[in-house]
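Dear colleague,

Please find below the structure that I am handing over to you. My notes on it follow directly after.

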Amino acid sequence: MKFLAKALLVLSCGAFFACNRAVEPNHELTIMDPDTVSLVKEEPVCYYGIPTDAFDTITGKVKRNSFISDILSKHGVPMQEIDQVLNGSAKVFDARKFQPGRPYSLLCEKDSSHRARYMIYEHDIATTYVFSFKDSLNITEHKKPVTTEIRYAKGEVSSSLWQAILDGGMPPILAVELNNIFAWSVDFFGLEEGDNFKVVYEEKFIDDKPVGIGKILTAQFTSAGHTYSAIPFIQDGQESYFDADGKSLRKAFLKAPLKFSRISSRYTTSRFHPILKIRRPHLGVDYAAPIGTEVHSIGDGKVISVTTGGGEGRMVKIKHNTTYSTAYMHLSGFGPGIRPGASVSQGQVIGYVGSSGLSTGPHLDFRFYQNGYPVDPLKVTAPPAEPIAEANVAKFEKIREVNLSLLNTF
């Protein structure tokens, strides 16, 4: 009877306090033994530090041409508060980068007002912004942690580098990175079956999902019987890639002005013109590619002309130095800021593949001039950038041996 009396007393007290003080949700009464009644408190469900079970949740995706205010004002948030949040947190979040198609969640009051107190906007896989309209008016950025794993990969070309990357189950962006590293040494438009590569790189993950690659730690590419190694080394405060002899892989000119295209016509002194129906010299290289494909300047220089008429169609001419200049013809449009007198850097987009002028289809007609005379772009030997300095040779040799040994392990 004493045990029963104690239990009843405790339960009576619990009932009294429950009537006079709201018990927080997710509490359970657990009888531990005949003499004891214990309250076991469950942790509230929190999302970015917000107890979500205290609100009603509305989810959606940003519609095209929609603004943040369009979403929030429909759920009771005054324009004054919206402006205060956006202006006060302008350094945290740029409202102009509100992207259509991205998911968001609104946490709304459970009362009749159903007013939004928080908006959780998933800007990308790594970044989420929390808009607060409750205790404070601000925007908080949340970054998910990125983990990195080292990958060892190799492949053999059967049709293209891109296809070899895909066949090997590697991230497609790896093809772009290898192209960027070896662009001055390897002719990626002239790859042959059996050409091969090895690469050690970083792959990035968020929530165990691959989200891209990081640094290329070392690489090797064999093409046309020649093997080119890429050894990363910091010189003059800047990291770049050098070959096994300490020569820079970066040269004054890129091998080609496009990526992942094909040569449809080569340099020749006599070619049958498909439109004019006559034979005449074709003093350049044609690269077939879809309309809109980016065209890059093969080297640093200054734009000397931008034209839109004649058989060349839309054309850009660039002077690289006192010896070399290049021309890019049949463009569909020009790159940002491309005008006579503008300075351009190697790899900068100067236009887009088109079919303007005397052209039977989308392609780039690329011309290379040496001392004012046209030469075959595929036979130009570009001068290299600065090699490893004498003071850095010993250090570079140690790093080179580590890299080459690593490449020989797989």
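Which residue takes a positive phi in the hairpin of β13 and β14? In that hairpin, which has 2 residues between the strands, D236 takes a positive phi near 55°. Helices (H or I, at least four residues) and strands (E, at least two) are DSSP runs, numbered from the N terminus.

Before the remaining findings, a note on the source. This is a predicted model, in which local features need pLDDT of at least 70 and side-chain atom pairs count only at pLDDT 80 or more, while totals for chains, interfaces and linings use all residues. Residues are numbered from 1 along each chain as its sequence is written, and side-chain values use heavy atoms, with hydrogens and water left out.

Hairpin and backbone

Strands β13 and β14 pair in the antiparallel sense over 5 bridges; two strands pair if DSSP finds at least two bridges between them. I234 stands opposite E239 in β14.

Most residues other than glycine have a negative phi. N371 is not a glycine either, and has a positive phi of about 55°. The loop between β25 and β26 (373-375) holds N371. With a relative accessible area of 52%, N371 is exposed (buried means under 20% relative accessible area, exposed over 50%, partly exposed in between, with a 1.4 Å probe and protein chains only).

Helix α5 and its cover

Helix α5 (residues 173-182) is mostly covered, as 7 of its 10 residues are buried. These are L174, A175, V176, L178, N179, I181 and F182. Among the elements that cover the buried residues of α5 are α4 (161-167), β11 (196-206), β12, β13 (226-235) and β14 (238-242); contact here means heavy atoms within 4.5 Å.

Strand β12 (residues 209-223) includes S223. Why is S223 called buried? S223 is buried because its relative accessible area is 8%. Leaving aside residues up to four places away in sequence, S223 touches V186, L191, D195 and Y228. The side chains of S223 and D195 are joined by a polar contact of 3.0 Å. A polar contact is a pair of N or O atoms within 3.5 Å; within protein, one must be able to donate a hydrogen and the other to accept it, and residues adjacent in sequence count only if both atoms are side-chain atoms.

Aromatic rings

A search of the whole structure finds 18 aromatic pairs. Rings of Phe, Tyr and Trp (its six-membered ring) pair if their centres lie within 6.5 Å; planes under 30 degrees apart count as stacked, over 60 as edge-to-face and the rest as tilted.

One of the pairs is F93 with F131: the ring centres are 5.5 Å apart and the planes stand at 80°, so the pair is edge-to-face. This pair links distant parts of the chain, 38 residues apart, with F93 in the loop between α3 (79-88) and β6 (103-108) and F131 in strand β8 (residues 127-133). Both F93 and F131 are buried.

Y324 and F368 also form an edge-to-face pair, because their ring centres are 5.6 Å apart and their planes are at 70°. Here Y324 in strand β22 (residues 324-334) is linked with F368 in strand β25 (residues 363-370), 44 residues apart. Y324 and F368 are both buried.

Ring pairs also link F93, F98, Y121, Y129 and F131 into a cluster.

With kind regards
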